Amino acid sequence: MHTPFRLDEHPRRRPQPLSGPPAGYFEQLPTRVMARVAAPARRPLPLAWLRHAPAYVRTGLASTVLLGTFAASLWLGGTSRHQPTRATTTLDAVPPQQLVDYLTSGETHVDMLDLAELPTRRLRLATQYLQPSPRELTEALDAQPAEEAALL
Amino acid sequence: MEDSEILAKFCEPASRNLAFNQLVRKYQQKVYWHVRKMVVDHADADDLTQDVFVKVWKNLENFRQDAQLFTWIYRIATNECLSFLQSKRRRFFLPLNDVGAELAAKLEADPAIAGNEIELKLQRAILRLPDKQRLVFNLRYYDEMPYEQMAEVTGTSVGALKASYHHAARKIEEYVTAADNPPPFATDAR
């Protein structure tokens, strides 16, 4: 027969039923707590007033900032395209004849055909040099290999 | 240092830190054990104890002294424990028993309990109580807190507290008895 358990007959474990904290815990706890409460207060955000502003003010301000950023990026992107690069500026200072002489020299392996195929913005150079007479054009075309003539 | 002296010095900026240091040293063990009995684990109890004193620091200026200082601190500690246990259940979507099982596992690993079968069954029985009832039981059984003070700590009437403790004690006795504990005096063979 089991004896019913009676709480008031059970020797009460004093002061506490569980094992104690690590050695020195209570000596260190005040220091740790003081370190936490003495932490510097966070500085308020510079735009903390926004939190109290009406919703329409916040919405309007956000929209203005977004649109302004978009417009600025478009404007800055556009101006940069029109500004010549340093290399282009340096190259523009070189006389065209000097450029042609250099390009057609044996070292660069550039011939008339390459110059004729220059991009549109270099057309000034090409048109300056390529101003053949009809007779010169005929002779140049006849001199082309047959397979290349098919591309003309 | 008396509570009134602590409060007076705390109100002075020059002596605030010193006063608070004295307050922590005066009540840290009571707060720690109050919390530890609820959460079992030392690491959790350490975190919560610190949180309690940080809250005391933040709110001590507003303490109206309509209750004893320690009662007020105990109330903060009680609320922190209950919030902690509640958030633990909610965070992991665990039913009541699983959190209880987790606490029981920590209890069984405690060196002060291990090897003492009766004490282990008693502690298991206490852990099975609902949090608030367990709190009342601990305050009465281990801390021997008067019901009037307990009423201030828990915000519950004296009558309800007495009933709660009585039911808690009955549940514990039934659990330990049902767990087939040996008689207190094994030599009394019948």
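**Figure 1. The loop between H7 and H8 of chain B, with B:Glu144.** B:Glu144 sits in the loop that links helix H7 (131–141) to helix H8 (147–154) of chain B. The model shown here and in the other views is predicted. Phi of B:Glu144 is near 50°. That is a positive value, and the residue is not glycine.

**Figure 2. The loop between H2 and H3 of chain B, with B:Val40.** B:Val40 lies in the loop between H2 and H3 of chain B. Its phi is near 70°, again a positive value in a residue other than glycine. B:Val40 has 22 other C-beta atoms within 10 Å. The cut-off for a buried residue is 20 or more, so B:Val40 is buried.

**Figure 3. Packing of H2 against H3 in chain B.** Helix H2 of chain B covers residues 16–39, and helix H3 of chain B covers residues 42–59. Their axes are 9 Å apart. The angle between H2(B) and H3(B) is about 140°. H2(B) is therefore oblique to H3(B); roughly antiparallel would need an angle over 145 degrees. The crossing of H2(B) and H3(B) is right-handed. Which residues of H2(B) take part in the contact? They are B:Phe20, B:Val24, B:Gln28, B:Val31, B:Tyr32, B:Val35, B:Arg36 and B:Val39. From H3(B) come B:His42, B:Asp44, B:Ala45, B:Leu48, B:Thr49, B:Val52, B:Phe53 and B:Trp57. The contact of H2(B) with H3(B) comprises 11 nonpolar residues, three polar and two charged. Among the elements of chain B, H3(B) has the highest mean pLDDT, at 96.

**Figure 4. Packing of H6 against H9 in chain B.** Helix H6 of chain B spans residues 117–127. The axes of H6(B) and H9(B) come within 9 Å. They cross at roughly 135°, which means that H6(B) is oblique to H9(B). This crossing is right-handed. On the H6(B) side, the residues in contact are B:Lys121, B:Leu122, B:Ala125 and B:Ile126. On the H9(B) side, they are B:Ile172, B:Tyr175 and B:Val176. How many of the residues in the contact of H6(B) with H9(B) are nonpolar? Six are nonpolar, no residue is polar and one is charged.

**Figure 5. B:Thr177 in H9 of chain B, with B:Lys121.** B:Thr177 belongs to helix H9 (residues 158–178) of chain B. B:Thr177 and B:Lys121 are 56 residues apart in sequence. In space, their C-alpha atoms are 9.4 Å apart. B:Lys121 is one of the H6(B) residues that meet H9(B). B:Thr177 has 16 C-beta neighbours inside 10 Å, so B:Thr177 counts as partly exposed.

Figure 6. Chain B holds nine helices and zero strands. Its pattern along the sequence is α-α-α-α-α-α-α-α-α. Of the 190 residues in chain B, 32% are buried. Take the contacts in chain B between residues at least 6 apart in sequence: 54% of them join residues at least 24 apart. The mean pLDDT of chain B is 87, and 91% of the residues score at least 70. Helix H5 (residues 96–108) of chain B has the lowest mean pLDDT among the elements of the chain, at 76. Over residues 186–190 of chain B the pLDDT is below 50. Beyond near neighbours in sequence, that stretch has two contacts in the model.

**Figure 7. The contact between chains A and B, and confidence in chain A.** In this contact, 22 residues of chain A meet 32 residues of chain B. The side of chain A that touches chain B is made up of 13 nonpolar, five polar and four charged residues. The model scores ipTM 0.83 and pTM 0.62. Chain A has a mean pLDDT of 72. In chain A, 57% of the residues reach 70 or more. Where in chain A is confidence highest? Helix H1 (residues 25–37) of chain A is highest, at 94. Helix H8 (residues 146–149) of chain A is lowest, at a mean of 50. Over residues 148–152 of chain A the pLDDT is below 50, and this stretch has two contacts beyond near neighbours in sequence.

Key: Residues are numbered from 1 along each chain as its sequence is written. Chains are lettered from A and ligands numbered from 1 in the order in which they are written. This is a predicted model: local features need pLDDT of at least 70, side-chain atom pairs count only at pLDDT 80 or more; totals for chains, interfaces and linings use all residues. Axes are lines fitted to C-alpha atoms, for helices over the stretch in contact, and angles run from 0 to 180 degrees between N-to-C directions. Helices (H or I, at least four residues) and strands (E, at least two) are DSSP runs, numbered from the N terminus. Angles under 35 degrees count as roughly parallel, over 145 as roughly antiparallel, 65 to 115 as roughly perpendicular and the rest as oblique. A crossing is left-handed if the near helix is turned anticlockwise from the far one by less than a right angle, and right-handed if clockwise. Two residues are in contact if their C-beta atoms, placed from the backbone, lie within 7 Å. Ala, Val, Leu, Ile, Met, Phe, Trp, Tyr, Cys and Pro count as nonpolar, Asp, Glu, Lys and Arg as charged, and the others, Gly among them, as polar. pLDDT is the predictor's confidence in each residue, from 0 to 100. A residue is buried if 20 or more other C-beta atoms lie within 10 Å of its own, exposed if 12 or fewer, and partly exposed in between; C-beta atoms are placed from the backbone.
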